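Thanks for coming, everyone. I will be brief. Please have a look at the screen.

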Amino acid sequence: MIPPLADQTLTAGPYSLIPLARGDAPDLLVLFRDPTVVEFMDIEPLANLKGAKDIILWAQEMAERNRGLRWAIRRSGSPTLIGTVGFNTLELDRGFRGEIAYDLAQAYWGQGVMSEILPYVMAFGFETLGLHRLEAMVTVGNLRSCRLLERHGFTLEGQLKDHAFWKGRFWDQLVYGRLAD
Ligand SMILES: CC(C)(COP(=O)(O)OP(=O)(O)OC[C@H]1O[C@@H](n2cnc3c(N)ncnc32)[C@H](O)[C@@H]1OP(=O)(O)O)[C@@H](O)C(=O)NCCC(=O)NCCS
């Protein structure tokens, strides 16, 4: 049994991770209306607050069903949301695996922020949730994401042809995996 995810907070070094909540909508709009941030993601740049609220609802429903979890990232003590991280899916019936996902506002790229946070998220997956496998799906060309995963012991396992469809076209996806030690 895993703990109820909807109220799981996590301290990740100097960062605090709190499940996305309704009040995060304005900050999430700022994050995801940046075309550079969403370039390799499955969403168009957000145009309005409704788009941000829909993402939060998706995250909350997934957490309530213990099928995934998405945290807002803030530097502890700061009100500014700088990104999100979590598990897009959790498979606990026919496997013990979770798909991690993450994003940062562009101003925070290139400083090792996600590299500092990811080990805590991985430990949460392996230890708190008891997962055996972590995986990540990366759109071809998202080199920063590939580098991040490779720095944290994920292995490129293959390229799924036309695995995803969004923004009006199919996309190949790279599969990265890391098993529990
Ligand atoms: C994916 C994403 C989070 C990676 O961000 P990032 O800043 O490259 O990743 P990190 O936080 O690990 O930082 C690594 C960079 O910081 C540098 N760095 C500085 N100090 C560092 C430290 N103490 N430790 C590690 N890296 C450090 C590294 O050299 C590296 O820079 P480089 O890529 O120019 O060589 C970011 O590009 C992003 O939000 N993209 C948009 C959303 C997205 O595509 N998400 C992924 C979907 S699969």
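Helices and strands here are DSSP runs: H or I for helices, at least four residues, and E for strands, at least two, numbered from the N terminus. Strand 1 covers residues 10-12, and threonine 11 is in it.

Some ground rules. This is a predicted model, where local features need pLDDT of at least 70, side-chain atom pairs count only at pLDDT 80 or more, and totals for chains, interfaces and linings use all residues. Residues are numbered from 1 along each chain as its sequence is written, and side-chain values use heavy atoms, with hydrogens and water left out.

Back to threonine 11: buried or exposed? Buried means under 20% relative accessible area, exposed over 50%, and partly exposed in between, with a 1.4 Å probe and protein chains only. Threonine 11 has 55% relative accessibility, so it counts as exposed. Its C-alpha atom is 14 Å from that of threonine 84, 73 residues apart along the chain.

Next, lysine 53. It is found in helix 3, residues 49-64. Its relative accessible area is 47%, so lysine 53 is partly exposed. Arginine 22 is 31 residues apart from lysine 53 in sequence, but 6.8 Å apart in space, C-alpha to C-alpha.

Now helix 4, residues 113-128. The expected span is 1.5 Å times one less than the number of residues. For these 16 residues that gives 22 Å, and the end C-alpha atoms are 22 Å apart, so the two agree. Buried residues in helix 4 include Val113, Met114, Ile117, Leu118 and Val121. After helix 4 comes glycine 130, with a positive phi near 70°.

On to the ligand. Which residues come nearest? A residue counts as near if one of its heavy atoms lies within 4 Å. There are 19 residues around the ligand, and Leu104, Gly110, Met114, Ser115 and Arg147 come nearest.

Polar contacts next, meaning pairs of N or O atoms within 3.5 Å. A ligand nitrogen is 2.8 Å from a polar backbone atom of tyrosine 102. A ligand oxygen is 3.0 Å from a polar backbone atom of valine 113. Asparagine 142 places a polar side-chain atom 2.8 Å from a ligand oxygen. Strand 5 (97-104), helix 4 and helix 5 (143-151) each give two or more residues to the shell around the ligand. Helix 5 gives the largest share, five residues.

That is the tour. Questions, please.

Definitions and conventions
A polar contact is a pair of N or O atoms within 3.5 Å; within protein, one must be able to donate a hydrogen and the other to accept it, and residues adjacent in sequence count only if both atoms are side-chain atoms.
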